[in-house]
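Have the viewer open and follow along as you read.

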Amino acid sequence: MESALALPRLPPHDPGTPVLSVVDMHTGGEPLRVVLAGCPEVSGPTLLAKRRYMRQHLDYVRRRLMFEPRGHRDMYGAVLVPSELPDAHLGVLFLHNEGYSSMCGHAVLALGRFALDFGLVPATPAGTREARVNIHCPCGLVTAFVACEDGRSHGPVRFHSVPAFVLATDLMVDVPGHGKVVVDIAYGGAFYAFVTAEKLGLDICSAKTRDLVDAASAVTEAVKAQFKINHPDSEDLAFLYGTILTDGKDAYTKEPTTNICVFADEQVDRSPTGSGVTARIALQYHKGLLELNQTRAFKSSATGSVFTGKAVREAKCGDFKAVIVEVSGQAHYTGTASFIVEDDDPLRDGFLLK
């Protein structure tokens, strides 16, 4: 017998507060909460202007969806917005526990599927095995290629990045508790500091996640304090997003290389990190450790999930020599939800525990 509790009706809520409807997905274990409805219009002539507007005027949407009790400190989200670029099928603003990122590879892999399945791109002709989805991210236009069957997504997704480049190599920073540490800084739509976990006295595969987070966060804060990040296109992109600890296996091999990304406010990526893979490929290519179209596998130390990446062609970003990187991975749907607010709820906009 079907239970009456299964009826799709909302519990009591504030009728003056829009219901936030979402689709939840994950890519390699890293969550993505895609906002379907309920977010007010995000104003601005450009995507970066919309990002600033969202931060200044609509940040309660981020807090309600990312924070407890509706989310958690490692939740990740996406708000879809119109793009000013004529070739873009959609624009996207990325949400996390601290604010708004400039790029998110795991989200792009998931949004490729979402855009195809929810009709955000033109219907594919009969027999099409891969659909193209142009996604305008704050860092620029990123193209996703979605495996499909009968017009629906089916299987893995790959994307071609914005130009990825190396900002600094062998940078010496003083990290409290660890002394002088050599790091590299590279850009894959967002800037990351890269350091071998062993240099911090840790084994990337066996160390406790808390220890990895503490070490990576210490590196991030040290780099922010001691090194100026610059991007040739926009100051909005000129910030260090996080630190990626690696197993140090940067020379080309067919075996996966393991890493963990700690970004924003000590947020841990469960996937191998799409924009991090992009930046790490650019770094390996810059150092002569990787050739064009040599595919490498990248494994998450958190979940064991794997992305692949390769540099597909050379490019430029300002005066920097750069590469376009292809990253591949698998996204999955996990559910839908409708989030409400009661007007007398003192925690209506969420909270985080540390």
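What volume does the second largest cavity have? In this predicted model, the second largest cavity comes to about 40 Å³. The count of cavities of 30 Å³ or more is two, and the volume of the largest cavity is about 60 Å³.

**The largest cavity**

- Its lining is made up of Tyr76, Met103, Cys104, Gly105, His106, Tyr192, Tyr241, Phe263, Asp269, Thr273, Gly274 and Ser275.
- Two or more of the lining residues come from each of the helices α3 (105–117) and α5 (274–286).
- By class, the lining of the largest cavity holds six nonpolar residues, five polar ones and one charged one.
- Both domains take part here: domain 1 (20–161 + 333–339) and domain 2 (162–328) each supply at least three residues to the lining of the largest cavity.

**The second largest cavity**

- Around this cavity you will find Thr17, Pro18, Leu20, Gly38, Pro40, Tyr60, Val61 and Arg64.
- Helix α2 (residues 59–66) is the element that gives the most to the lining of the second largest cavity, contributing three residues.
- The lining of the second largest cavity splits into five nonpolar, two polar and one charged residues.

**Charged residues in the linings**

Conventions: Residues are numbered from 1 along each chain as its sequence is written. This is a predicted model: local features need pLDDT of at least 70, side-chain atom pairs count only at pLDDT 80 or more; totals for chains, interfaces and linings use all residues. Side-chain values use heavy atoms; hydrogens and water are left out. On a 1 Å grid over the protein atoms alone, a cavity is a set of points where a 1.4 Å probe fits but cannot get out, and a pocket is an open set with protein on both sides within 12 Å along at least five of seven lines; lining residues have an atom within 4 Å of a point. Grid points are joined across faces, edges and corners, and a volume is the space filled by probe spheres set on the points. Helices (H or I, at least four residues) and strands (E, at least two) are DSSP runs, numbered from the N terminus. Ala, Val, Leu, Ile, Met, Phe, Trp, Tyr, Cys and Pro count as nonpolar, Asp, Glu, Lys and Arg as charged, and the others, Gly among them, as polar. Domain bounds come from an automatic or database domain assignment.
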